[in-house]
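Hi everyone, thanks for making time. I'd like to walk you through one structure today, so let me put it on the screen.

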Amino acid sequence: MAEHTSSSITIEAAPADVMGVIADFDRYPEWTGEVKEAEVLEKDDHGRAAQVRLLLDAGAIKDDHTLAYTWTGANEVSWSLVKSQMLRALDGSYRLAALDNGTRTEVTYQLTVDVKIPMLGMIKRKAEKVIIDRALAGLKKRVESGPAGHAAGAADATASADEAKKL
């Protein structure tokens, strides 16, 4: 059974603002270090991404894969691997919890990675930790950069995109 890695971070924004950035897959290459390309392949009945193809380069883990997304309420999204060249499993979730009457958000990211090639558990967990830490730091920076970082302000995002590219 694969072990999972998780970490949390507090973001100075409402949960809806944080989830807006998480749900905006087209902009992932602008603020995540590992996602080089993202393409929504299928949407659910609510217009949210149901399947997304991602080109990932996370050092030890490089892959072109497709994930299926499940949205639970307004504050949780989870995913599981549909197909991959290198991965046997890539399951994860973002869980958001409102803090301080909804003005801040605690984001918990959980991830399980299982590769098809032999890899020491220690190296795999380190890769998971790097992916999580970079994703959370990038998410925090993107959300806290102001309206240009949010999906609602996507048309204004050009000015802050250069700032948000690196963690």
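Before the numbers, one term: by contact I mean heavy atoms within 4.5 Å. With that in mind, residues 24 or more positions apart account for 48% of the contacts in the protein chain with a separation of 6 or more.

Some ground rules. This is a predicted model, where local features need pLDDT of at least 70 and side-chain atom pairs count only at pLDDT 80 or more, while totals for chains, interfaces and linings use all residues. Residues are numbered from 1 along each chain as its sequence is written, and side-chain values use heavy atoms, with hydrogens and water left out.

Now the overall layout. The protein chain has 4 helices and 7 strands; these are DSSP runs numbered from the N terminus, helices being H or I with at least four residues and strands being E with at least two. Reading from the N terminus, the order is β-α-α-β-β-β-β-β-β-α-α. Of the 167 residues, 43% are buried, and here buried means under 20% relative accessible area, exposed means over 50%, and partly exposed is in between, with a 1.4 Å probe and protein chains only. The chain exposes about 8,500 Å², and carbon and sulfur atoms supply 50% of that; these areas come from the Shrake-Rupley method with a 1.4 Å probe, and for residues only the protein chains shown count as cover.

How far can we trust it? The average pLDDT, the predictor's confidence in each residue from 0 to 100, is 82 for the protein chain, and 79% of the residues score at least 70. Strand E5 has the highest confidence, at 97, and helix H4 (residues 158-165) the lowest, at a mean of 30. Over residues 148-167, pLDDT stays under 50, and the model has 31 contacts beyond four places in sequence for that stretch. Where pLDDT is low, the predicted coordinates should not be read in detail.

On to the part I like: the aromatics. A search of the whole structure turns up 9 aromatic pairs. Rings of Phe, Tyr and Trp (its six-membered ring) pair if their centres lie within 6.5 Å; planes under 30 degrees apart are stacked, over 60 edge-to-face, and the rest tilted. Take Phe 25 and Trp 71: their ring centres are 6.5 Å apart and their planes sit at 75 degrees, so this pair is edge-to-face. The two are 46 residues apart, with Phe 25 in the loop between helix H1 (15-22) and helix H2 (28-31), and Trp 71 in strand E4 (residues 61-72). Both Phe 25 and Trp 71 are buried.

What about Trp 79 and Tyr 94? Their centres are 5.6 Å apart with planes at 55 degrees, so that pair is tilted. Trp 79 lies in strand E5 (residues 76-84) and Tyr 94 in strand E6 (residues 87-99), 15 residues apart. Trp 79 is buried at 9% relative accessible area, and Tyr 94 is buried at 4%. These four rings belong to one aromatic cluster, along with Tyr 28, Trp 31, Tyr 69 and Tyr 109.

In H1, Pro 15, Val 18, Met 19, Val 21 and Ile 22 are buried. Down the axis of H1, the buried residues fall within an arc of 155 degrees, so they line one face of the helix; the arc is that of the directions from the helix axis to the C-beta atoms.

Last stop: Glu 76, in strand E5. Glu 76 is partly exposed, at 22% relative accessibility. Beyond four places in sequence, Glu 76 is in contact with Met 19, Thr 70, Trp 71, Tyr 94 and Arg 95.
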